[in-house]
Amino acid sequence: MVVTFLMIGVVLAAFFAILAKRLLASTIWLAVLSALSAALFYVLGAPHVAVIELSVGAGLVTVLFVFAIAVSGGEDAGGPAPIPTVVAIVFGLGMMALLAWFILPIEAPEVIGEQMSFTQMLWEGRALDVMVQLAIIFSGVVSVLGLLGENVDAMPFARRKEGDA
Amino acid sequence: MSLDMLDLVALAVIGVFGAGIYGLLAVRNLFKMIVVLQILVKAALLALVTAGNRSGELVLAQSLALTVIVVDTVVAVVALALAVQVKHRTGSLDIQDLTRLKG
């Protein structure tokens, strides 16, 4: 029963996030989607991911979106969609049908591996993943610093723009 | 016909995924495009945890989902920085204004 409500809520939040007119409303619906999917993770028996999703997905990412929208002034780009709406709807429904054909009904074989604890699995079984995460976070920080740096003249893109004008 | 819990979650995955695909095609604001990418990743995460629950490898699924969350957050941060710079330079967030090809 709880899962039914959560499932309907997740799908509705996704649609509202896309259909919302204002960017801030869209961001808030994304946060709602994150929170509801965190609840779904908990129901599915994945409490660690639920906690991280709730703090990172619903917290950090929302703050970043609001900050970026505030910095850039946001709120423009109306006008018609780049392709006809009917085509987009048909493609969306087609993709849904394809996915449903692939994953329904869920009949994976019951494979019970040796049960490790989450900490053991993360730091020993998937140690390489943790290293890759660290590398990705580091490169993300470097690229954000490069993108938002003050030295505009050093960017090749800016020079080309001056050359055009 | 009764649906068990995992079938319901799979339906949610399908719904969120379909919404994301529609959004990718129909949205033209750069910020909203990043929101749509986040929605698609949420669908993938839900599918991952569902598969872990069904196959009994929930610990492994949680570990992989953690990686997905971290990478997705970094992608969102870099994409937001790019969008802010695009707005700064072109004065618009419309993806149609990004093209420089005329003709």
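This is a predicted model: local features need pLDDT of at least 70, side-chain atom pairs count only at pLDDT 80 or more; totals for chains, interfaces and linings use all residues.
The radius of gyration is taken here over C-alpha atoms, and the globule rule is 2.2 Å times the number of residues to the power 0.38.

View 1. Chain B has a radius of gyration of 18 Å, whereas a compact globule of 103 residues would have one near 13 Å. The C-alpha trace of chain B spans about 55 × 30 × 20 Å along its principal axes. Chain B holds three helices and zero strands. Along the sequence the pattern reads α-α-α. Of the 103 residues in chain B, 59% are buried. Among contacts in chain B with a separation of 6 or more, 54% join residues 24 or more positions apart.

**View 2. The side of chain A that touches chain B.** Here 77 residues of chain A are in contact with 68 residues of chain B. Six helices of chain A each supply at least two residues to this side: α1 (2-19), α2 (23-43), α3 (47-72), α4 (85-103), α5 (118-125) and α6 (127-148). The largest share, 14 residues, comes from α3(A). By class, this side of chain A has 53 nonpolar, 19 polar and five charged residues.

**View 3. Packing of α1(A) against α2(A).** The two axes lie 8 Å apart, at an angle of about 155°. An angle over 145 degrees counts as roughly antiparallel, so α1(A) is roughly antiparallel to α2(A). The crossing of α1(A) and α2(A) is left-handed. From α1(A), the contact takes in V2(A), V3(A), L6(A), G9(A), V10(A), A13(A), A14(A), F16(A) and A17(A). Facing them from α2(A) are residues including W29(A), L30(A), L33(A), L36(A), L40(A) and V43(A). S26(A) and S37(A) of α2(A) also take part. The contact of α1(A) with α2(A) has 16 nonpolar, three polar and no charged residues.

**View 4. Packing of α2(A) against α3(A).** These axes come within 8 Å and cross at roughly 175°. That angle makes α2(A) roughly antiparallel to α3(A). On the α2(A) side, the contact residues include L23(A), L24(A), T27(A), A31(A), S34(A), A38(A), F41(A) and Y42(A). On the α3(A) side, they include P47(A), V49(A), E53(A), L54(A), G57(A), T62(A), F65(A), V66(A) and I69(A). By class, the contact of α2(A) with α3(A) divides into 16 nonpolar residues, five polar and one charged.

**View 5. L30(A) and S37(A) of α2(A).** L30(A) and S37(A) belong to the contact of α2(A) with α1(A). L30(A) and S37(A) also belong to the contact of α2(A) with α3(A).

Key
Residues are numbered from 1 along each chain as its sequence is written. Chains are lettered from A and ligands numbered from 1 in the order in which they are written. Helices (H or I, at least four residues) and strands (E, at least two) are DSSP runs, numbered from the N terminus. A residue is buried if 20 or more other C-beta atoms lie within 10 Å of its own, exposed if 12 or fewer, and partly exposed in between; C-beta atoms are placed from the backbone. Two residues are in contact if their C-beta atoms, placed from the backbone, lie within 7 Å. Ala, Val, Leu, Ile, Met, Phe, Trp, Tyr, Cys and Pro count as nonpolar, Asp, Glu, Lys and Arg as charged, and the others, Gly among them, as polar. Axes are lines fitted to C-alpha atoms, for helices over the stretch in contact, and angles run from 0 to 180 degrees between N-to-C directions. Angles under 35 degrees count as roughly parallel, over 145 as roughly antiparallel, 65 to 115 as roughly perpendicular and the rest as oblique. A crossing is left-handed if the near helix is turned anticlockwise from the far one by less than a right angle, and right-handed if clockwise.
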